[in-house]
Amino acid sequence: MTREADQPGIGVGTWAWGNQFLWGYDPKRDDALLERTFRRCLELDFRFFDTADSYGTGHLNGRSEELLGRFAMQASPSQREQLCLATKLAPFPWRLGRRGYAKAFAASQRRLQGQMKRVQLHWSTARYAPWQEPALIDGLADLVESGAVASLGLSNMGPKRLRSVHRQLQGRGIPISSLQVQFSLLAPQPLEDEGIVSTCRELGIELIAYSPLALGLLGRSAQDPRPMPKGTRGNLFRRLETSLAPLRQTMAEIAAGRPGGLGAVALNWCRAHGAMPIPGMRSPEQVEQAAAARRWSLTEGERDALDQLARQDGAARMPANPFQSA
């Protein structure tokens, strides 16, 4: 069993903060709870928070950043110094050229109250507008070079595109601090030969796993007393349920006698492959469950057993991100 010090940490995803469509966000009901969640994160030493300028539904667009900025400013100066607030800027079609992100960056930094430490490209345009991306990447590098933000990250890139961007930035002496992709026991594609897991390891780029709990499904047992989520999440859960029995059984065996339940197994599987998971956290209880996962790690045999189940033909699969590049 590896030691905690040898494992990547666990970050905090804030996609649900402001999202009404998928997560049913209600500011009157949720904002005070999210504030307590943030405070519990600080108490339990969670320091990396991921957000995006497109997080938030409709008129609540940018709400996740606003809440995160407000909560961060309520922390002590020493706590803020330790935080890494990372936001993703969407490469919308009207964001063009080297200064295509200038207004978006300023707006995000304003919502985050000047606390942004890392700026990230939200997705690659390689599949539909490959000409748009290099200038936007150079613009992000300009922000790092000028000291406007401390570091640069990427999201939703495959190994081919990542190598191309790495060469582009290497020529300027700007490192890629992180790459985040969908990675979980129900989305194991980054493990493929010469895939993104091995490529990040080779290039020295931190790998971040988003949706490590598959929108919460990997934290539920078959006998979970909680009702199924409504809407899109519920439909997805019901579709995948029928294929989960063997995986859940093995996860339950691994979880026995260890804190954090099935969710901790799913998070520690990501960590065992060198990725920092960023599960969504919407309550202090979820923060405590994630903290419990940091108290132990998978053995090599447990990781391999889960690999085999996750990668076998016919295994349950999360929908792929349509913007994920090759």
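Glutamine 113 is found in the loop that runs between α5 (102-111) and β4 (116-121). The model is a predicted one, and in it the phi angle of glutamine 113 is near 55°, a positive value in a residue other than glycine.

Serine 211 sits in the loop between β7 and α9 (231-241). Its relative accessibility is 15%, so serine 211 counts as buried; the cut-off for that class is under 20%.

Strands of a sheet pair through backbone hydrogen bonds, either parallel or antiparallel. Here 8 strands make up an open sheet with parallel pairing, and their order is β1-β2-β3-β4-β5-β6-β7-β8. The edges are taken by β1 (12-13) and β8 (275-277); each has a single partner strand, so one side of each is left without a neighbour in the sheet. Within the sheet, strand β6 (residues 178-182) and strand β7 (residues 206-210) are joined in the parallel sense by 5 bridges. One of the residues involved is glutamine 182, whose bridge partner in β7 is tyrosine 210.

Helix α3 (residues 63-73) packs on this sheet, where it touches β2 (48-52) and β3 (84-89). The direction of helix α3 makes about 145° with that of β2. Of the 11 residues of α3, 8 are buried, so the helix is largely enclosed by the rest of the structure. The buried residues of α3 are Arg63, Ser64, Glu65, Leu67, Leu68, Gly69, Phe71 and Ala72. Their cover includes the strands β2 and β3, and it also includes the helices α2 (27-43), α4 (77-82) and α5.

Asparagine 321 lies in the segment after α13 (300-311). Leaving aside neighbours within four places in sequence, asparagine 321 is in contact with Gln182 and Tyr210, and also with Asn156. Asparagine 321 has a relative accessible area of 24% and is therefore partly exposed. Serine 283 is 38 residues from asparagine 321 along the chain, and the C-alpha atoms of these two residues are separated by 26 Å.

What remains is the empty space. Rolling a probe the size of a water molecule over the atoms shows where such space is left. The count comes to 1 cavity of 30 Å³ or more, and the largest cavity holds about 30 Å³ of space. Its lining consists of Leu217, Leu218, Arg220, Leu244, Leu247, Arg248, Met251 and Leu262. By class, these divide into 6 nonpolar and 2 charged residues, with no polar ones. Helix α10 (residues 245-255) gives the most to the lining of the largest cavity, contributing 3 residues.

The lining of the second largest pocket is made up of 11 nonpolar, 7 polar and 4 charged residues.

Definitions and conventions
Residues are numbered from 1 along each chain as its sequence is written. This is a predicted model: local features need pLDDT of at least 70, side-chain atom pairs count only at pLDDT 80 or more; totals for chains, interfaces and linings use all residues. Side-chain values use heavy atoms; hydrogens and water are left out. Two strands pair if DSSP finds at least two bridges between them. Helices (H or I, at least four residues) and strands (E, at least two) are DSSP runs, numbered from the N terminus. Contact means heavy atoms within 4.5 Å. Axes are lines fitted to C-alpha atoms, for helices over the stretch in contact, and angles run from 0 to 180 degrees between N-to-C directions. On a 1 Å grid over the protein atoms alone, a cavity is a set of points where a 1.4 Å probe fits but cannot get out, and a pocket is an open set with protein on both sides within 12 Å along at least five of seven lines; lining residues have an atom within 4 Å of a point. Grid points are joined across faces, edges and corners, and a volume is the space filled by probe spheres set on the points. Ala, Val, Leu, Ile, Met, Phe, Trp, Tyr, Cys and Pro count as nonpolar, Asp, Glu, Lys and Arg as charged, and the others, Gly among them, as polar. Buried means under 20% relative accessible area, exposed over 50%, partly exposed in between (1.4 Å probe, protein chains only).
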